[in-house]
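Please read the points below beside the sequence and the model, and check each named residue as you go.

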Amino acid sequence: MVDNMPKHIASGLKYLAAVKLKNQGKSQQFIADELKVDRSTVSHYFNGRNLSWNSIDVARTITELTPFDFLKMVRAIIDEPDQCRKIVNICKNKEYSAIIEDTCIGCGLCVSLCFMNAVSLVALKSQIDSINCCGCLSCKDGCPTNSIKILEI
């Protein structure tokens, strides 16, 4: 049973993501495509079938961790990077914005530290896409010039 636990928690995370997307008015087909599951799985989610409510509780607890720990846990549970990013983006509880100070030297370390692919270099200065930023602070913590400020919106 322990070997299946990550799969059950991954299903719990996908369930939470499906509910958020449904609340945003997305269709079941859109949700299925986003979560890389078939439409019948999405239907089962919404009808309460084939779900482990304990796994959903664990998944909900994971989404309430600090952004860094939330990202770290989802990465440990969902081993496909693009799917992991998608789940984190959908399930994150807050939005973030970044300020890049003029002290940025364009070294690119923040780009390589960002698992969410939210950081890029433009004209030798970091740019952070607030839509994809999960607030984990990896870029800020790794910046050698302390040029990055991440703000909760």
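1. The largest pocket has a volume of about 150 Å³. Here a pocket is an open set of points on a 1 Å grid over the protein atoms alone, with protein on both sides within 12 Å along at least five of seven lines, and a volume is the space filled by probe spheres set on the points. Its lining residues, which have an atom within 4 Å of a point, include T63, F70, K92, Y96 and E152.

2. This is a predicted model, in which local features need pLDDT of at least 70 and side-chain atom pairs count only at pLDDT 80 or more, while totals for chains, interfaces and linings use all residues. Residues are numbered from 1 along each chain as its sequence is written, and side-chain values use heavy atoms, with hydrogens and water left out.

3. The structure also holds two cavities of 30 Å³ or more, a cavity being a set of grid points where a 1.4 Å probe fits but cannot get out. The largest cavity, with a volume of about 80 Å³, is lined by 14 residues, of which C114, C133, C134, C136 and C139 lie nearest its centre.

4. The second largest cavity contains about 50 Å³ of space, and among the residues that line this second cavity are C104, C107, C110, S126 and C143.

5. Leaving aside its neighbours within four places in sequence, V74 is in contact (heavy atoms within 4.5 Å) with L13, I62, C84, I87 and V88.
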